[in-house]
Amino acid sequence: GIGPATASAVLAAAAPAHAPFMSDEAMAAVLPPVPSASAYTLPRYLQFADALVTKASTLNNDDQSSSGLTASDLERALWTIAMLPDVLSCDQEDSDKVASEGTGDDSTALVEPPSKKRRR
């Protein structure tokens, strides 16, 4: 069988308004921490999904006919917010590397891999 986290991936694709993906980052933002053994249970997923469905409904002003935010939209937003510090630190490291190496002919070094020289 499969667990709630894997099942939530399928459900999120089929019913995004009611079944968000059970990402670690979104779960940490929505629910209080628990021991890892009880983190991926059906009751915990239902609590998580209910919280996001309720919040989406509130943000959509309880208009069920609206094509506004879904529970899955909120899960992806929470995941993105959690990942943002890592992305920003990578961007800063790349900027620092370019600045320290100069911007001459080597300025494309971060974009293009070095070409391999042929041996004869």
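What follows is a walk through this predicted model, from its overall fold to a few individual residues.

Some ground rules come first. Residues are numbered from 1 along each chain as its sequence is written, and side-chain values use heavy atoms, leaving out hydrogens and water. Because the model is predicted, local features need pLDDT of at least 70 and side-chain atom pairs count only at pLDDT 80 or more, while totals for chains, interfaces and linings use all residues.

Let's begin with the whole chain. Its secondary structure comes to 4 helices and 0 strands, in the order α-α-α-α along the sequence; helices here are DSSP runs of H or I with at least four residues, strands are E runs of at least two, and both are numbered from the N terminus. Of the 120 residues, 19% count as buried, where buried means under 20% relative accessible area, exposed means over 50%, and partly exposed lies in between (1.4 Å probe, protein chains only). The chain exposes about 8800 Å², with carbon and sulfur atoms supplying 58% of that area (Shrake-Rupley method, 1.4 Å probe; for residues, only the protein chains shown count as cover). Among contacts with a separation of 6 or more, 44% come from residues 24 or more positions apart, a contact being heavy atoms within 4.5 Å.

Now to the interior. In soluble globular proteins, nonpolar side chains tend to be buried together. The largest nonpolar core here has 12 residues, including Ala19, Met22, Leu31, Tyr45, Phe48, Leu52 and Leu74. Helix H2 (24–30), H3 and H4 are the elements that give two or more residues to this core, and the largest share, 5 residues, comes from H3. A core of this kind is a set of buried Ala, Val, Leu, Ile, Met, Phe, Trp, Tyr and Cys residues joined through side-chain atoms within 4.5 Å.

H3 itself covers residues 42–59, and its 18 residues reach 26 Å from first C-alpha to last, close to the 26 Å expected at 1.5 Å a residue (1.5 Å times one less than the number of residues). Its buried residues include Arg44 and Ser57. Tyrosine 45 touches Pro4, Ser8, Ala19, Pro20 and Met22, leaving aside residues up to four places away in sequence. After H3 comes asparagine 61, with a positive phi near 55°.

Next is helix H4 (residues 71–101), where serine 72 lies. Serine 72 is buried because its relative accessible area is 2%. Not counting residues up to four places away, serine 72 touches Ala12, Pro16, Ala19 and Pro20.

Side chains of opposite charge can pair when their charged atoms come close. In this model, the side chains of aspartate 73 and arginine 76 meet in a salt bridge at 2.6 Å, N to O, and the count comes to 1 salt bridge (a side-chain nitrogen of Lys or Arg within 4 Å of a carboxyl oxygen of Asp or Glu).

Alanine 17, in the loop between helix H1 (4–14) and H2, is 56 residues from aspartate 73 in sequence and 8.3 Å away in space, C-alpha to C-alpha. Alanine 17 touches Val53, Thr70 and Ala71, not counting residues up to four places away in sequence.
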